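Open the model in your viewer and keep the selection panel at hand. The tour goes stop by stop.

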Amino acid sequence: ALMELAWIWVHEICHRLREHSERAREKQAEPSLWNIAADLEINDAEWQELERPSNALLPQRFRLPSGKLVEFYYDELVKTSQESEPFVESFQKFGESLPLPVDWDEGSGVHGQKRDWELSDNEPQAPSLTELEQEVIRRAVAEEIVRNKDRGVIPAGWLRWAEEVLQPKVDWREVLKRKVRGAITIGTGQRIDYSFARPHRRAETYEPVLPPSLQGDFVPRVVCVVDTSGSIGERELAQSLAEVRQVLESLRVPIVVIPCDAVPYEPIKVFTSSQLLRLRLKGGGGTDMVAGIEAALSLQPMPDVVIVLTDGYTPFPNQRYKVPVIFGILDSTGSGAVPKPPIPPWRESDVVVIPLTSHQR
């Protein structure tokens with residue numbers, strides 16, 4: 001019983017180490033399904049001397065493979081839940097009667113939505129951890145896992161997690177798309193709501209009921225701060241513009257470009273790739289991307305996400321912002337050894353190293 005209790009304790013800590021609540025907000029996930037998917041991500045790990053409870057949710061119970069991420073499990077569970085049955089009943093058709101309550105809920109540490117039974121963030125006896133403190137703990141755990149990897153006691157999935165935390169292997173464009181789309185979903189979601197001010201476009205179908213229609217600003221707000229300081233040559237600037245063009249084409253939304261050296265210059269709204277390629281960006285002086293970020297955040301309306309493209313030789317903000325900021329660091333050497341913002345308070349996932357393409361060398 002003691003080892004089972006220890007397993008549960010480790011289980012709850014794992015939710016925070018894996019940043020499940022932040023990932024849930026990015027995906028705008030339904031809490032109960034996300035909670036189950038998050039359990040599937042972490043429960044298949046075999047921890048020596050810990051006893052896994054018999055009712056722990058495992059991927060094989062749902063005819064799903066082990067070793068996948070929570071996003072994979074969530075998408076699969078959503079598919080199952082949409083087969084016209086309530087999701088609990090749809091799981092039972094797999095041949096096992098699973099003791100799943102309708103509200104499968106371990107709290108905001110898993111899905112990011114505060115519950116009535118949880119303590120407030122400023123509870124004197126148990127104050128919540130800041131983002132900085134959480135990141136310090138996360139990296140300390142990852143370092144300890146890597147340090148003990150040769151002892152044969154670390155589950156393979158957790159070793160991969162630790163190595164990714166300390167030395168992430170990410171694709172710039174995929175990370176950018178995921179981050180920007182997540183930020184856009186949250187940002188636009190806060191600006192739209194149902195209203196009776198305008199009839200629903202299919203109102204005749206529902207007659208005599210008068211349904212509301214969605215009203216608000218649906219246009220995503222993306223700002224790119226482009227380093228145009230003296231340390232940026234034509235090659236680096238061309239790469240920056242190429243990356244902005246890639247973002248523009250993948251999102252199919254207008255983007256505001258702010259050239260910045262030691263000071264930010266006038267924002268330029270870009271609608272097409274061809275328009276972007278014809279830009280003549282001001283700059284050539286010193287470097288301060290903080291000024292560019294603050295100029296982006298002072299725009300009205302405020303952006304949903306800010307992308308900073310720089311060679312890294314700049315002062316970095318010493319705190320995170322409410323608006324997501326993604327740093328794309330241009331790597332002219334291909335070594336990956338480029339200046340980065342301080343980690344913490346920033347996270348490795350906020351930074352992507354962009355190697356210069358070979359045809360520009």
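In which loop does glutamine 28 lie? Select glutamine 28: the loop between helix 2 and helix 3 holds this residue. Its phi is positive, about 55 degrees, although glutamine 28 is not a glycine. Helices here are DSSP runs of H or I with at least four residues, strands are runs of E with at least two, and both are numbered from the N terminus.

A word on the model before moving on. It is predicted, and local features need pLDDT of at least 70, side-chain atom pairs count only at pLDDT 80 or more, while totals for chains, interfaces and linings use all residues. Residues are numbered from 1 along each chain as its sequence is written, and side-chain values use heavy atoms, with hydrogens and water left out.

**Stop: helix 2 against helix 3**

Select residues 20-27 for helix 2 and residues 31-43 for helix 3. Their axes come within 11 Å and cross at roughly 130 degrees. An axis is a line fitted to C-alpha atoms, for helices over the stretch in contact, and the angle runs from 0 to 180 degrees between N-to-C directions. Helix 2 and helix 3 are therefore oblique to each other. On this scale, under 35 degrees is roughly parallel, over 145 roughly antiparallel, 65 to 115 roughly perpendicular, and the rest oblique.

The crossing of helix 2 with helix 3 is right-handed. That term applies if the near helix is turned clockwise from the far one by less than a right angle; anticlockwise is left-handed.

Now show side chains. From helix 2, His20, Arg23, Ala24 and Lys27 meet Trp34, Ala38, Glu41 and Ile42 of helix 3. Contact means heavy atoms within 4.5 Å. By class, this contact has four nonpolar, one polar and three charged residues. Ala, Val, Leu, Ile, Met, Phe, Trp, Tyr, Cys and Pro count as nonpolar, Asp, Glu, Lys and Arg as charged, and the others, Gly among them, as polar.

**Stop: helix 1 against helix 3**

The axes of helix 1 and helix 3 come within 10 Å and cross at roughly 115 degrees. Helix 1 and helix 3 are therefore roughly perpendicular to each other. Their crossing is right-handed. On helix 1, pick Trp7, His11, Cys14 and His15; on helix 3, pick Ala38, Asp39, Ile42 and Asn43. These contact residues divide into four nonpolar, three polar and one charged.

**Stop: the cavity**

How many cavities of 30 Å³ or more are there? The count comes to one. A cavity is a set of points on a 1 Å grid over the protein atoms alone where a 1.4 Å probe fits but cannot get out; lining residues have an atom within 4 Å of a point. Points are joined across faces, edges and corners, and a volume is the space filled by probe spheres set on them.

The largest cavity has a volume of about 50 Å³. Select its lining: Trp7, Val10, His11, Cys14, Ile42, Asn43, Ala45 and Trp47. Helix 1 and helix 3 each give two or more of these residues. Helix 1 gives the most, with four. By class, the lining has six nonpolar, two polar and no charged residues.

**Stop: the second largest pocket**

A pocket is an open set of grid points with protein on both sides within 12 Å along at least five of seven lines. The second largest pocket holds about 420 Å³ of space. It is lined by 16 residues; centre on Val10, Trp47, Val141, Ile145 and Ile154, the closest to the middle. Helix 1 gives the most, with five. The lining has 12 nonpolar, two polar and two charged residues.

**Last stop: two cis bonds**

Jump to proline 344, in the loop between strand 7 (325-331) and strand 8 (351-355). A cis peptide bond joins isoleucine 343 to proline 344, with omega about -10 degrees. Another cis bond joins proline 344 to proline 345, with omega about 10 degrees.
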